[in-house]
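I set out to look up a few sites in this model and to record what I found at each. The entries below follow the order in which I went through them.

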Amino acid sequence: MFPYPSGNIHMGHVRNYVIGDICARYHKLKGDEVIHPMGWDAFGLPAENAAIQFKTHPRDWTLSNIDNMKSQLQKLELDLDWDRELATCNENYYQYQQELFIDFYKAGLAYKKDALVNWDPVDQTVLANEQVIDGKGWRSGAIVERKKLSQWFFRISQFSEELLKGLDDLDEWPTKVKIMQKNWIGKSYGANIKFSIKNSSDKLEVFTTRPDTIFGATFIAISPQHPLAKKIAEKDPKASNFINFCEGQSSKEIDVEKAEKHGYETNLYVYHPFNKRISLKIFIANFILMDYGTGAIFGCPAHDQRD
C-alpha cells in the first residue's frame, strides 16, 4: 500500500486496501508467510505547493497528514505490517534512491535532454498528462503551457525487446494486461524515409510502418514541436499562432486520437523520394506526436482512413 498523504483517507483507499487485506488474511490462513507493508508516497512538488498554500513547512504538513491518515487506517484494523512502514520523504529511504540513481548514471542509463512538459504557470510546476484537465491544471485551474525544460530520462527503450520477450513467460497474467503492457512498450516495425525539401539542401525524415504505401503519398504532416515547424514559425506568424493553439491542447495519446484534426498549410514542399516530378505539400498537424517516430508522417488517403 502506497498512498499519497493528502490529509484524509477516502472510500477509494478503503476499497483498495480492503481487497489487499482480504488477500493477505486468506494467504495467512493457508499457512503462507505474508509481508503486507505500508508506505507513504510523500515526496515532491505537490507537498511543497500544498505547504505554500497552507503557510507551513512541507515536512510538517506531510508528517501531520501521515499521522492523521495512519490513525484513520488503524481504526479499520487492516492486516498491515506497521513495523515495515516507510515514507519516501525520510532520508533513510531516499538515500537509497539517490545511490541507485548514481548507479544508473554511471552505467549510462540516466541522461539529460531538453523536452516539452506541461507547465502550470500558477503552481510553477510540471504536470503529468493526467493532471491536465481540459487544458488546465488540476489544482490551480490555470491554462497549462507547453514548455521546453531540461529533464532527466532513463534509457528504458534500451530494454524494450527484453521486456517484450519477458511477457511471454507470464503465463498466469491476464491477456488484457499483457496487451496493455505491449502497447505501453510500443515497439513499431517500419522504415525511415528521407524526403528532400524543395529549394533547400535539407531533408525531412519520416518514419512509417507502411513503406509499401509510399506511392500513395499525397502530403507530409509534421508535429507542432518538430524543429522544422519551429523554423517555419520564426518567419510565419500564422504558423506560430497555430503551434501555440496545438500546444494548448492535451498531449495524451488517447486525447490526440479523439481530438478534432487540425492542420496548417505551409508554403514548403518535398520531393517524392522515388519520383522527383511529384511534390508533396508540408502541413503542421495537431495529431502528429513528436515523441513517436520522427515526429513526421506522409499522408496516404488511398490506404489510411485517418489521412
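**Entry 1: Phenylalanine 159**

I looked up phenylalanine 159 and found a relative accessibility of 33%, so I recorded the residue as partly exposed. I note here that the model is a predicted one. I then located phenylalanine 159 in the loop that connects β7 (145-154) with α5 (160-167). Next I asked which residues form a nonpolar patch on the surface. I listed Leu100, Phe104, Phe154, Ile156, Phe159, Leu163 and Trp184, whose accessible area together is about 690 Å².

**Entry 2: The β8 and β9 hairpin**

I turned to strands β8 (residues 191-196) and β9 (residues 203-208), which run antiparallel and are joined by six bridges. The two strands form a hairpin, and I found six residues between them. In the turn, I noted that asparagine 199 has a positive phi of about 60°. I also looked up what stands opposite alanine 191, and found threonine 208 in β9.

**Entry 3: Threonine 208**

**Entry 4: Serine 223**

I placed serine 223 in the loop between β10 (219-222) and α7 (227-235). At 0% relative accessibility, I counted serine 223 as buried. Which backbone nitrogen lies 3.1 Å from a polar atom of the serine 223 side chain? I found that it belongs to glutamine 225. Residues up to four places away in sequence were again set aside when I listed what serine 223 touches: Ala229, Ile284, Ala285, Ile288, Leu289, Met290 and Gly295.

**Entry 5: Aspartate 134**

I looked up aspartate 134 last, and found this residue in the loop between β5 (132-133) and β6 (136-137). Its relative accessibility is 75%, and because exposed means over 50%, I recorded aspartate 134 as exposed. I then asked how many residues separate aspartate 134 and glutamine 249 in sequence. I found them 115 residues apart in sequence, while their C-alpha atoms are 7.8 Å apart in space.

Conventions: Residues numbered from 1 in each chain as written. Predicted model: local features only at pLDDT ≥ 70, side-chain atom pairs only at ≥ 80, totals over all residues. Heavy atoms only, no water. Patch = residues over 30% accessible without salt bridge, like charges linked within 9 Å, V, L, I, M, F, W, Y side chains within 5 Å. Areas by Shrake-Rupley, 256 points an atom, 1.4 Å probe, with all protein chains shown as cover. Salt bridge = Lys/Arg side-chain N within 4 Å of Asp/Glu carboxyl O. Helix = DSSP H or I, 4+ residues; strand = E, 2+ residues; numbered from the N terminus. Buried < 20%, exposed > 50% of the residue type's maximum accessible area, 1.4 Å probe, protein only. Pairing = 2+ DSSP bridges. Polar contact = N/O pair within 3.5 Å; in protein donor to acceptor, adjacent residues only side chain to side chain. Contact = heavy atoms within 4.5 Å.
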